[in-house]
2 protein chains.
Amino acid sequence: MSGLEPHQLSLNTATVREQWNLAQCIEGCARHGFGGISPWRDKLQEMGVKPAAKAIRDAGLGVSGLCRGGWYTATGALDQAVIDDNHRAVDEAAEIGADCLVMVVGGLAEGSRDLPHAWAVVEEGLATTLEYARKAGVKVAIEPLHPMYAADRACVNTMRQALDICDRLGPGIGCAVDAYHVWWDPELEAQLKRAGKERIMGFHLCDWLVPTRDLLTDRGMMGDGVIDLPRLRGLVEANGFSGLNEVEIFSALDWWRRDADEVMAVIVERGRTAC
Amino acid sequence: MSGLEPHQLSLNTATVREQWNLAQCIEGCARHGFGGISPWRDKLQEMGVKPAAKAIRDAGLGVSGLCRGGWYTATGALDQAVIDDNHRAVDEAAEIGADCLVMVVGGLAEGSRDLPHAWAVVEEGLATTLEYARKAGVKVAIEPLHPMYAADRACVNTMRQALDICDRLGPGIGCAVDAYHVWWDPELEAQLKRAGKERIMGFHLCDWLVPTRDLLTDRGMMGDGVIDLPRLRGLVEANGFSGLNEVEIFSALDWWRRDADEVMAVIVERGRTAC
């Protein structure tokens, strides 16, 4: 299996979030030959959704996703402010032509230990967003997060769990498959097959470092960790995924401290050699 | 559901590993009214297996487990030194009358990214240990570790995965259910039911802190985190588990720094109020 060429890559803006604003990310992606971008909403709103959409189009970039909707459990029950914010996220995803709206669904509400309740709130929330998203022509991609984030970020933590939700909610909803979150899962191969082309809506790359020094911000550059990325990419592609390979690296201890053009150059090199 | 009384508790010696040797742990358990103890092998060997076995019996303590066998992937392939060491662990478990030998199966070998290979080595290793353990009358308990340890400690990370292995290997092997490792799993309830009385061989208590500051040594005292321990204990007991409730807290930042008798007193209090 040959590696990835830059035009097959997308930059998730979190990877250089400390260095570049969205305009710089767009310009950097174009300059380094990337095929696309995946903005976070804070950077998108800072630039303005319409100007950003225009700049992305003008640069000839695809949009592999918009990060992120979800967070349904923020106040315990599903509240209208959260629903409304997710509707705005759908509108933004439509405006920039994102392949999907990536959902980080939320974990336990402050002070709660009731995981079954959180699961119920999340599913109710996803149903409301999905209904709105179908009308807007936007795909909704649940991102199962690593189980170490079950309490404070997302209580959907495996592909099986995400696909069970998708089965219940029907068309228009699928998964964003992030190597960091799912690589360990003995069911991964079977669940990717179950997901199929329609429901593998995104594929995110980074690596799992040993040791991992921080639960959130110590993700590795592809090739620096233990994930068999070529195997995982092979599985995703064998099941029909043909979208951009989105690079999303949270790295307070390393990559966020480097010059962004250096980061981009290393991504290009590792796409070729480690993916 | 009422809380736990001290005679229902067992002390995993890791909880006070920085403060007490095994003789002190045994004496401390007896003094605080614990029903049992679960030694780690380093502390057991330091005291001597026979003297330790006698001291535990003389103190009237049960032995909820011996920590730990496994680590099959240490050198990549399954090697004889690892097999032999696991046989010694079985002998030690028999000598101290442990309810089970707890298995931390091992993760990826140094430099490897081949998770399917690690799974195969682990299963082969478990089969060899199980054969030996059956003759010795020792139960083998796979401890599925949290997925964040898949790379460097254990590549068996869910109850489903552990029970699939148990199904293939037959009688005498089951699971040690540790709240810290499994609390997030949406399949937990179904898999505990699947496991049943015969295969729930141990139940370990601690708590998941938010935030968690270190992947290995920042586990919480029961009640200080987000795990619904009464619900989990209810599930374990509803499926037939009637053994000791083993408290195992790795806490370099907090509990390992406190006076061990204070730790024991807090465990007794939290057993009553948070479990």
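Tutor: The following account treats the peptide bonds and then the phi angles. This is a predicted model, in which local features need pLDDT of at least 70, side-chain atom pairs count only at pLDDT 80 or more, and totals for chains, interfaces and linings use all residues. Residues are numbered from 1 along each chain as its sequence is written, chains are lettered from A and ligands numbered from 1 in the order in which they are written, and side-chain values use heavy atoms, with hydrogens and water left out.

Most residues other than glycine have a negative phi, and most peptide bonds are trans. In chain A, Val210(A) and Pro211(A) are joined by a cis peptide bond with omega of about 0°. Pro211(A) belongs to the loop between β8 (200-205) and α9 (229-238) of chain A; helices (H or I, at least four residues) and strands (E, at least two) are DSSP runs, numbered from the N terminus. In chain B, the bond between Val210(B) and Pro211(B) is cis, with omega of about -5°, and Pro211(B) is in the loop between β8 (200-205) and α9 (229-238) of chain B.

As for phi, Trp71(A) is not a glycine, and its phi is positive, near 55°. Trp71(A) sits in the loop between β4 (66-70) and α4 (80-96) of chain A. Its relative accessible area is 27%, so Trp71(A) is partly exposed (buried means under 20% relative accessible area, exposed over 50%, partly exposed in between, with a 1.4 Å probe and protein chains only). Trp71(B), also not a glycine, has a positive phi of about 55° and lies in the loop between β4 (66-70) and α4 (80-96) of chain B. Trp71(B) counts as partly exposed because its relative accessibility is 28%.
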